[in-house]
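This report covers confidence, cores, helices and charged pairs. Please keep the sequence and the coordinates open while reading.

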Amino acid sequence: MCANVFGALKSLFGKPFDGGKRMDHGSQQQHPAMIRLYEVQREVQSLGPQVCTFSGLKNEREYRRLERELTRLLLEVDQVDTEGRVDLQGARKRAAQEVEGLLRYLEENATHPSRLAIEELSREAQRLVEQGVVEPQRAGGTAEISDELVDAVQELILRLTQVKTGGSVPLRKARYRALTRLCAVQDVIEGRTRQQTLPLSEDTHVAVQRINQVMVQVSGARSQLVALLMGLSGRDSCAHLSRVLTELLVELDALDVSGNAAVRNYRKQVVEEINGLLKHLDLEGEGDDTRRYDLAQNDSIRQIEAVRGRVGQLRGEVLRHCGVGDLFRPKPELQSLLTHLDQVDTARNPCIREARRRAVLEVQAVITFLDLREALICRQPGSNEPPQHRAVWMVLGSLSDLQAQVLCFNGKRADKSYILLEELLTKQLLALDAVDPQGDEMTKVARKQAVKFAQNILSYLDMKTDEWEY
C-alpha cells in the first residue's frame with residue numbers, strides 16, 4: 001500500500017507541470033497553486049514513512065499526531081486556489097487523494113482485526129504476568145514461578161506467531177514487538193526456574209554480605225524488568241533499570257574476593273544473572289529496523305526455506321518409490337538437514353524460531369514415515385504372536401498408508417480430503433483404544449507408541465493447514 005502511495009506521489013509531482021507555468025517578461029514562473037502543492041508534497045513524503053511503519057492503535061499519541069498532520073495537509077490542499085483551471089483542479093484532486101490514501105492506510109492498520117488480535121493477546125499476557133509475577137513482588141513477597149505460568153506464556157507466544165499479517169509492514173511490526181517482549185519475559189521467568197543461585201553464609205568471607213544484598217536487589221530487578229517489558233510499570237524506564245544493574249556490576253567488580261574460590265564463583269553467578277537481565281533492556285527501540293520483522297530477505301529464513309525445499313524434493317521421491325513398492329532411503333541426508341536447521345541462528349527472533357521448529361517437524365515427519373515403512377517391510381511375525389499384538393501392527397500398517405496421504409496433502413481444512421483424513425486417523429486411534437493387551441507388556445508398549453504416532457500425524461496435518469506465515 002505504501003509503495004503504491006509513494007509511486008502515485010512521484011507520478012503527480014515527479015516532473016514539472018507545464019500547465020502551471022506563466023510567462024513574465026520573458027522568464028518562466030510556476031503557478032502559485034502548483035508551488036503550494038509541491039510544498040504539500042514534501043510534507044507528505046516526510047510523513048509517509050512514519051505512517052507506513054506506524055504499528056500502534058488509534059488511542060496512541062503518535063496516531064493522533066499523524067492523523068492531525070495529515071488532516072491539516074488535506075485542509076491546505078482544499079484551500080489551494082486553482083482559479084477555475086481544469087489542469088490545476090486535477091492536480092489538487094490527485095494531491096488530496098494521496099493524503100486521503102495515507103489517512104485511510106493509517107486508520108485501516110490501527111483498526112485491522114489482526115492488530116486488535118495482537119493487542120488482545122498482549123493484554124492477556126499482561127494480566128497473566130501481573131497476577132503471577134508483578135503483584136506478589138509488589139506485595140513484598142517473592143513470585144513463585146509455576147509450570148502453569150511458563151506453559152501459559154509459551155501458549156501465548158505460539159498464538160501470537162499465528163496472527164496473520166497479510167504482509168502488512170505495520171502489522172508485522174506490531175506482532176514482532178509483542179513477541180519480542182513476551183519472549184524476553186519467558187526467558188526471564190524460565191531463567192529463574194533453571195538457575196537458583198543460593199546465597200553463601202556471611203561467615204564465609206567479608207564480601208559475602210554485600211553479594212547477598214545484591215542478590216536481593218537482583219531479585220527485585222527481575223520482577224521490575226518483567227513489569228517494564230509488559231508495560232506494567234508507569235514510573236520506571238528500561239534506561240533507569242539498566243543504570244541500576246550496571247552500578248551493581250561495578251560494585252561487584254570492586255569487591256576483593258581474591259584467595260577464595262567459592263566466593264569468587266558465587267560472585268560470578270550473580271554477575272551472570274545481572275547480565276542475563278541487561279540483555280533484555282535494549283527493547284525500547286526494538287522493531288524500528290525493518291529487517292527485524294520483515295523476514296522475506298532474512299538470511300536465516302532463506303536457510304530454512306532452502307532446507308524445506310530440499311525436504312519437499314526428498315519427500316516427493318520417497319512417496320514415488322513407495323507408490324511402486326520400493327523404499328527410497330535418504331535418511332542420512334535428512335539427518336544432515338536436521339543438523340543444519342539446528343545451526344540456524346534465530347537471533348532471538350520468535351518468528352524465525354517458529355519457522356525453524358516447523359521445518360524440523362517436516363523433516364521428522366519424513367524420517368518417521370521411512371522408519372515405519374522399513375519396520376513393516378522387515379516384520380516377520382511368528383506363529384505364536386499374540387492376536388492383540390498383531391492387531392496393533394495392522395493399525396500401524398493403516399497409519400503408514402494414511403501418513404503417505406498426509407505427507408502429500410496441500411489443501412485446506414475446509415477441503416473434503418482434509419476432513420476425510422482427520423476422520424480416518426481418528427478411527428485408527430479408536431481401533432487402538434479397543435485393543436486389549438491382556439497383560440502382554442510388548443503389546444502395551446506397541447499400542448502406546450502407535451497412539452503417539454497417530455497423534456503426531458494428526459498434529460502434522462493440523463500444522464500443514466494452519467496457514468502460518470512469517
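Helices here are DSSP runs of H or I with at least four residues, numbered from the N terminus. Isoleucine 419 sits in one such run, helix H16. The model is predicted.

Is isoleucine 419 buried or partly exposed? At 38% relative accessibility, isoleucine 419 counts as partly exposed. Not counting residues up to four places away in sequence, isoleucine 419 touches Arg413 and Ala414. Glutamine 428 also belongs to helix H16, which covers residues 416-433. Glutamine 428 has 16% relative accessibility and so counts as buried, the cut-off being under 20%. Beyond four places in sequence, the contacts of glutamine 428 are Val395, Ser398, Leu399 and Leu402.

## Confidence

The chain averages a pLDDT of 82. A score of at least 70 is reached by 85% of the residues. Confidence is highest in H16, at 94. It is lowest in strand E1 (residues 21-24), at a mean of 39.

Over residues 8-28, pLDDT stays under 50. The model has 36 contacts beyond four places in sequence for residues 8-28. Where pLDDT is low, the predicted coordinates should not be read in detail.

## Nonpolar cores

How many residues does the largest nonpolar core have? It has 52 residues. Those with the most contacts inside it are Leu182, Ile189, Leu245, Val270 and Ile274. Six elements are listed as giving two or more residues to this core: helix H5 (113-138), helix H6 (147-161), helix H7 (169-194), helix H8 (208-229), helix H9 (238-254) and helix H10 (261-278). H8 gives the most, with 11 residues.

Isoleucine 274 shows what such packing looks like in residue terms. Leaving aside neighbours within four places in sequence, isoleucine 274 is in contact with Val214, Val218, Leu245, Leu248, Leu249 and Leu252. A second, separate core has 48 residues. Its members include Leu327, Leu407, Leu425 and Ile457.

## Helix 17

Helix H17 spans residues 441-464 and has 24 residues. At 1.5 Å a residue, it should span 34 Å. Its end C-alpha atoms are 35 Å apart, which agrees.

Which residues of H17 are buried? They are Thr443, Ala446, Ala450, Phe453, Ala454, Ile457, Tyr460, Leu461 and Met463. The cover over these buried residues includes helix H12 (299-323), helix H14 (350-378), helix H15 (387-407) and H16.

## Cysteines

The disulfide count is zero. Cysteine 183 has a relative accessible area of 7% and is therefore buried. Cysteine 322 is buried too, with a relative accessible area of 17%.

## Salt bridges

The structure holds 29 salt bridges. One of them pairs arginine 310 with glutamate 333, the closest N and O atoms being 2.6 Å apart. Arginine 310 lies in helix H12 and glutamate 333 in helix H13 (residues 331-342), so this pair ties together parts that are 23 residues apart in sequence. Arginine 310 counts as partly exposed at 29% relative accessibility. Glutamate 333 is partly exposed, with a relative accessible area of 29%.

Glutamate 354 and arginine 358 form another salt bridge, at 3.5 Å from N to O. Why are these two about one helical turn apart? Because glutamate 354 and arginine 358 are four residues apart in helix H14. An α-helix has 3.6 residues a turn, so residues three or four places apart point the same way. Both side chains belong to buried residues: glutamate 354 has a relative accessible area of 4%, and arginine 358 has 9%.

Arginine 379 meets glutamate 385 in a salt bridge whose closest N and O atoms are 2.7 Å apart. Arginine 379 is partly exposed, with a relative accessible area of 22%. Glutamate 385 is buried, with a relative accessible area of 12%. Elsewhere, salt bridges that share partners join Arg36, Glu39, Glu43, Glu69, Arg72 and Glu76 into one network.

Methods: Residues numbered from 1 in each chain as written. Predicted model: local features only at pLDDT ≥ 70, side-chain atom pairs only at ≥ 80, totals over all residues. Heavy atoms only, no water. Core = buried A, V, L, I, M, F, W, Y, C linked by side-chain atoms within 4.5 Å. Buried < 20%, exposed > 50% of the residue type's maximum accessible area, 1.4 Å probe, protein only. Contact = heavy atoms within 4.5 Å. Expected span 1.5 Å × (residues − 1). Disulfide = S-S within 2.5 Å. pLDDT = per-residue confidence, 0-100. Salt bridge = Lys/Arg side-chain N within 4 Å of Asp/Glu carboxyl O.
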